[in-house]
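Work through the exercises below with the sequence and the coordinates at hand. Each task is followed by a solution in steps.

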Amino acid sequence: MRDIYLDESIIFLDLQEKTKEDVLSVMGGKLYEKGLVKATFIDAIIAREREFATGLPTKGVSVAIPHTDIEHVNQKTISVGILKEPVAFGVMGGGPEETTPVQLVFMLAMDETHSQLALLQRLMQMFQDADTLNYLCREKNKKNVRYLIESKLDVAFKGGE
Amino acid sequence: MAKKQVLVACGAGIATSTVVNSAIEEMVKEHQLDVDIRQIKIAEVSAYTDTADLLVTTAMTKKEFPFPVINARSFLTGIGTEETKKQILNELLK
């Protein structure tokens, strides 16, 4: 099984996009530029988000975990987007009009189904930790964001120093 | 008691259903139940209309099903997890 990829180039601080579509385009565009996903990934992840929203209200700031089918992915990747101002995302499992003001986006590019249980569980555990989420919203150093996520998810990411 | 079939579904069948699936497996083990758990995409639920006893999902479903549907978002956010577990257990013990 290949390792999961995260480096500073796919950590976004102060994203200023105003809509979820723009946020997903910017983040997905970078993943494509780096060859981590296929060109079809961007449209697919936007379409998937419209159909099956991934916004999650937590005890801290709201998060979103946009993802799509494995055939659009080249390399298993997590990209982190910290939004300057909250952006409305649909609520996972919620009604069609239900939105939540998302401040942290964890874009998941997964290349196998039913995999990465431990990683996903740790990610969800992180969502239950309001202090960590609040800290991430304020952090201005990409390295620190990467270190924190590495330690919370207990993985050493492939990708550049 | 006939073996219950539980569907665990999300939009892609990749991320959130994996987490929910594992939570239910744990519950089932803890209560020593014999349950057939299927992790699927929400679009595949219709294929199980005749066999399933329960759908646990993080995705929204517009369709009506002949079995109960339980929202599993709490497994991801930690808000209301105990309540959701109770709901699921109630269905499994019916």
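This is a predicted model: local features need pLDDT of at least 70, side-chain atom pairs count only at pLDDT 80 or more; totals for chains, interfaces and linings use all residues.

**Exercise 1. The setting of Val26(A)**

Task: Determine whether Val26(A) is buried, partly exposed or exposed, and list which residues it touches beyond its neighbours in sequence.

Solution: 
- Step 1. Locate the residue: Val26(A) belongs to helix H1 of chain A, which runs over residues 20–33.
- Step 2. Take its relative accessibility, which is 31%. Buried requires under 20% and exposed over 50%, so Val26(A) is classed as partly exposed.
- Step 3. Leave out residues up to four places away in sequence; the contacts of Val26(A) are then Phe12(A), Leu15(A) and Glu17(A).
- Step 4. Check one of these pairs by C-alpha distance: Phe12(A) and Val26(A) lie 14 residues apart along the chain, with 9.4 Å between their C-alpha atoms.

**Exercise 2. The interface of chain A and chain B**

Task: Describe the interface by its buried area, its polar links and the make-up of the chain A side.

Solution: 
- Step 1. Count the residues in contact: 31 from chain A and 22 from chain B.
- Step 2. Take the area: about 2,200 Å² is buried between the two chains, with 66% of it on carbon and sulfur atoms.
- Step 3. Search for salt bridges across the interface; the rule finds 1. Lys41(B) pairs with Asp69(A), and their closest N and O atoms are 3.5 Å apart. The cut-off is 4 Å, so the pair qualifies as a salt bridge.
- Step 4. Assign the chain A side to elements: helix H2 (41–51) and helix H3 (117–127) of chain A each give two or more residues. The largest share, 5 residues, comes from H3(A).
- Step 5. Sort the residues on the chain A side by type: 14 are nonpolar, 11 polar and 6 charged.

**Exercise 3. Helix H1 of chain B**

Task: Compare the span of H1(B) with the expected value, and find what its buried residues pack against.

Solution: 
- Step 1. H1(B) covers residues 16–30, 15 residues in total, and reaches 21 Å from first to last C-alpha, close to the 21 Å expected at 1.5 Å a residue.
- Step 2. Of these 15 residues, 11 are buried, which leaves the helix mostly covered. Among them are Val19(B), Asn21(B), Ile24(B) and Met27(B).
- Step 3. Within chain B, the buried residues pack against strands S1 (4–10), S2 (35–41) and S3 (54–57) and helices H2 (74–77) and H3 (81–93); from chain A, H3 is also a partner.
- Step 4. Look just after the helix: Gln32(B) has a positive phi of about 50°.

Methods
Residues are numbered from 1 along each chain as its sequence is written. Chains are lettered from A and ligands numbered from 1 in the order in which they are written. Side-chain values use heavy atoms; hydrogens and water are left out. Helices (H or I, at least four residues) and strands (E, at least two) are DSSP runs, numbered from the N terminus. Buried means under 20% relative accessible area, exposed over 50%, partly exposed in between (1.4 Å probe, protein chains only). Contact means heavy atoms within 4.5 Å. Buried area is the accessible area (1.4 Å probe) that two parts lose on being put together, summed over both. A salt bridge is a side-chain nitrogen of Lys or Arg within 4 Å of a carboxyl oxygen of Asp or Glu. A polar contact is a pair of N or O atoms within 3.5 Å; within protein, one must be able to donate a hydrogen and the other to accept it, and residues adjacent in sequence count only if both atoms are side-chain atoms. Ala, Val, Leu, Ile, Met, Phe, Trp, Tyr, Cys and Pro count as nonpolar, Asp, Glu, Lys and Arg as charged, and the others, Gly among them, as polar. The expected span of a helix is 1.5 Å times one less than its number of residues.
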